[in-house]
Amino acid sequence: MENCCGLVTVKNEPVPLKSIAVEVSVQGHVATVSSTLQYENQEQSPLEAIFVFPLPGEAAVCRFSAKIGQTEVVAEVQEKQKAQEQYDDALSSGQQAFLLEESDESPDVFKLSVGRLPPGEKASVSLDYVTELAVQADDGLRLCLPAVLNPRYQPQGSDSGSAGSAQVSSVPAGSVPYSLSLSAHVSSPHPISGVESNCPLDPLNYLNTEKTQATVSLAAGHQFDRDVELLLYYQDTHQPTAIVEAAQASAKPGTLMGDPVVMLSLYPEFPKDVMSSMTSHGEFLFVVDRSGSMECPMHLGSGSQDRIGSARETLLLLLKSLPMGCYFNIIGFGSSYESFFPKSVEYSQKTMDEALQKVKEMRADLGGTEILQPLKHIYSQPCLPDQPRQLFLFTDGEVGNTKEVLDLVKTNAGSHRCFSFGIGEGASTALISGVAKQARGHAQFITGQDRMQPKVMQSLRFALQPAVVDISVKWNVPKEVSVTPLSPPIRVIFQGQRALLYAQLTGKSSGDTEGSVTVKYSLAKQPVENQLSFSLKPTEDTGMTVHRLGARTLIQSLEVEEREQDGEKEGVKEKVIELSVQSGVSSAFTAFIAVHKGDGQALQGQLLRRHVPTPMLYQTSMYMTQSCFMARCSPLMMASSLQMSAPGKLKLSKKSKCKDLDDLEVFGYDCSEDFDSPAPTSKPVRDPLLQLISLQKASGSWVLEAALAEVLVKTEEEVSKPKPAQVDQEVWATVLALVWLYGFKMEAQEEWQFLAMKAVSWIQAQKVASVSECVQAGNTLLGCQVQKDTLGL
């Protein structure tokens with residue numbers, strides 16, 4: 001084996017990328033992220049370095065520059081093919097060039113090419129992007145810095161080898177041969193309550209007494225084993241806000257960059273009576289990823305549940321929480337798809353039991369991640385009258401045809417709402433957020449130590465509760481000023497959701513410097529009106545963040561329109577290119593190009609190409625590239641269970657947990673030996689909460705039985721004896737279950753709140769006279785002090 005100087009990949013090639021430094025500037029609900037990548041060529045020949053990396057799906061890349069020695073070259077935005085040709089011409093003529101382009105398949109994957117770096121030369125590449133911060137269910141604002149780029153599954157027959165496709169080189173997440181540092185400056189109109197992260201942070205440092213400005217940094221030694229997530233908490237987050245940003249001084253008035261742009265943030269607060277009302281209608285379709293990657297653990301570390309196991313538990317909760325009178329179905333997908341029922345069935349004890357049995361048998365055994373076909377199948381089924389269709393999509397989001405999927409969802413957006421869940425590190429933000437946005441739903445990401453269940457139940461709450469509809473926005477400005485909306489109209493806002501609207505302000509008012517916006521909507525059939533005044537005098541020094549996000553919003557709408565028309569509508573692509581070039585914001589049809597002519601001397605020597613590896617999770621060995629093997633063996637034991645056997649074959653030790661030997665042998669693994677599964681040493685401990693939930697009937701009630709007594713840690717006799725004489729056994733069992741939930745499991749209330757509401761409704765329907773006596777007797781038996789009012793009785 002040859003010795004290579006410097007850091008090397010698994011293929012023994014030097015890695016020219018040495019470090020990434022990130023600076024984040026947050027202003028309220030939006031952020032600018034600046035990344036600086038340090039390259040060094042430690043080889044004897046000129047080098048071309050290729051780096052494929054993820055960005056948030058909603059991000060707008062707005063600046064790209066390269067510094068070689070003391071010379072800085074700022075890239076310009078050009079039509080993509082023209083930029084690629086200019087890059088190739090520069091390399092072939094011996095010049096240095098830098099190219100940044102968006103993947104053709106997905107707007108959250110970018111490719112950076114650093115061309116003709118001379119031997120021994122250092123270069124630093126700077127990349128800026130702006131992004132909106134997503135609102136979480138607890139009112140936190142989420143900024144995600146994707147570090148992990150999982151392989152994107154290409155459906156059969158798709159063109160994955162095209163010029164715009166991102167070919168990914170990878171190493172296991174803990175072995176990334178470059179470092180990451182991050183610092184953030186946060187400013188908000190409202191006081192900052194705190195900043196949290198899934199990675200270790202240095203302490204938060206407030207910069208003023210009002211606590212409206214603060215700085216925070218990532219602690220040293222980041223391992224690249226996860227996406228970096230910052231959660232920001234502000235006081236008074238539900239207050240609507242408007243920011244007017246000044247025009248770019250050098251831009252022509254009347255153009256997007258030459259006029260002020262206003263950003264309106266709407267975050268309606270829902271009254272308590274609306275929050276407690278629930279619909280009993282709906283067709284609920286649970287679409288679950290059963291591809292091989294769902295066998296991976298939820299997070300790194302011992303004792304982590306696999307993704308498909310977490311999905312099974314989540315489906316148990318969902319099935320128990322559905323209201324009587326609704327319809328449902330469960331569809332699993334991978335390379336193919338399977339439905340539990342030929343078509344949606346009415347929710348009853350019989351159909352719930354049938355579905356739960358199938359959930360128990362559900363495995364991650366359907367191959368790759370092809371999401372397009374199951375969606376086409378769902379959309380081909382007619383909607384049920386008076387049963388609004390609600391889609392719940394669970395996936396680790398590793399698909400290659402994101403844009404095609406989003407276009408299909410948008411075409412069918414009028415017939416359904418979609419709630420999407422990205423499972424694990426590296427899930428595509430473009431797919432998860434895009435599907436929810438196009439189908440008027442809500443997106444959630446489950447990463448690190450997050451539990452899936454609370455987040456899914458929050459989305460079920462949105463699906464079961466009234467949403468804000470019939471939204472109209474009226475701008476009131478002086479007659480000399482005109483307003484051009486940059487955002488598509490908002491169709492729906494759920495409890496806990498925020499909408500950002502952008503608009504261009506053309507013209508100047510001679511006198512009046514105030515404008516206002518009136519937002520009207522309907523909530524639970526009640527009309528609501530909000531008015532917000534704002535100054536037409538723009539705020540200076542905001543780094544053009546609002547303009548660029550406004551441009552990105554308009555570009556994304558036009559890109560979808562262009563794809564829907566299949567390029568047949570004239571002028572749309574040209575308009576995107578013009579807007580992208582003018583605003584300096586990336587698009588599907590443009591790229592950033594920078595050429596450094598240096599001293600005019602052409603660089604001599606053969607040009608070497610090096611792919612900078614991207615962090616991947618669960619790739620524990622250089623041999624572990626076959627997704628089938630990854631899917632069927634426990635990732636935590638792979639490294640220890642692999643041995644070399646006959647030439648060209650890998651042998652598995654008896655400790656392995658292979659579930660499908662035939663597939664392994666196809667890929668050249670020796671699975672000929674018998675696998676001994678050791679006998680379990682003890683009965684597995686079941687979570688008492690899940691045990692109690694699994695015992696509940698579809699109607700909402702519980703039955704007095706031995707299994708219920710076991711959960712309550714009592715004998716059957718101990719449970720039966722204190723029952724008030726005139727009370728039915730089923731009512732008594734249901735009251736006991738409620739008292740136990742409120743007495744011992746309040747920390748998990750988000751997970752069981754709907755099945756408790758069902759139980760209360762069922763008790764009330766029985767018209768029991770002695771509910772107070774029941775609750776008191778239940779408290780005495782279980783040693784609790786739960787009030788009748790707390791239970792909702």
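Contact, here and throughout, means heavy atoms within 4.5 Å. Helices (H or I, at least four residues) and strands (E, at least two) are DSSP runs, numbered from the N terminus. This is a predicted model, in which local features need pLDDT of at least 70 and side-chain atom pairs count only at pLDDT 80 or more, while totals for chains, interfaces and linings use all residues. Residues are numbered from 1 along each chain as its sequence is written, and side-chain values use heavy atoms, with hydrogens and water left out.

I start with helix H7, residues 429–438. Buried means under 20% relative accessible area, exposed means over 50%, and partly exposed is in between, with a 1.4 Å probe and protein chains only. Nine of the 10 residues of H7 are buried, so the helix is largely enclosed by the rest of the structure. They are Thr-429, Ala-430, Leu-431, Ile-432, Ser-433, Gly-434, Val-435, Ala-436 and Gln-438. What do these buried residues pack against? The partners are strand S24 (389–395), helix H6 (402–411), strand S25 (416–423), strand S26 (442–446) and helix H9 (545–564). After H7 comes Arg-440, with a positive phi near 55°.

Two other residues have positive phi. Lys-211, which is not a glycine, has phi near 60°. Lys-211 sits in the loop between strand S15 (205–206) and strand S16 (213–217), and its relative accessible area of 40% makes it partly exposed. For Val-713, also not a glycine, phi is near 55°. Val-713 is in the loop between helix H15 (706–711) and helix H16 (716–720), and it counts as exposed at 70% relative accessibility.

Now helix H3, residues 307–321, and its packing. Axes are lines fitted to C-alpha atoms, for helices over the stretch in contact, and angles run from 0 to 180 degrees between N-to-C directions. H3 and helix H8 (residues 452–464) pack at about 35°, with axes 9 Å apart. The crossing of H3 past H8 is right-handed; a crossing is right-handed if the near helix is turned clockwise from the far one by less than a right angle, and left-handed if anticlockwise. On the H3 side the residues include Arg-307, Ser-310, Leu-317 and Ser-321, and they meet Met-452, Gln-453, Val-456, Met-457 and Leu-460 in H8. By class, this contact of H3 with H8 has seven nonpolar, four polar and two charged residues. Ala, Val, Leu, Ile, Met, Phe, Trp, Tyr, Cys and Pro count as nonpolar, Asp, Glu, Lys and Arg as charged, and the others, Gly among them, as polar.

The axes of H3 and helix H14 (residues 688–695) come within 10 Å and cross at roughly 40°. H3 passes H14 in a left-handed crossing. Glu-313, Leu-316, Leu-317 and Lys-320 of H3 make this contact with Leu-690, Ile-693, Ser-694 and Leu-695 of H14. The classes for H3 with H14 are five nonpolar, one polar and two charged.

Is Ser-321 buried or exposed? Ser-321 is buried, with a relative accessible area of 1%. Leaving out residues up to four places away in sequence, Ser-321 touches Met-457, Leu-460, Phe-754, Leu-755 and Lys-758.

Last, cysteines. Cys-62 is buried at 8% relative accessibility, and Cys-774 is buried at 0%.
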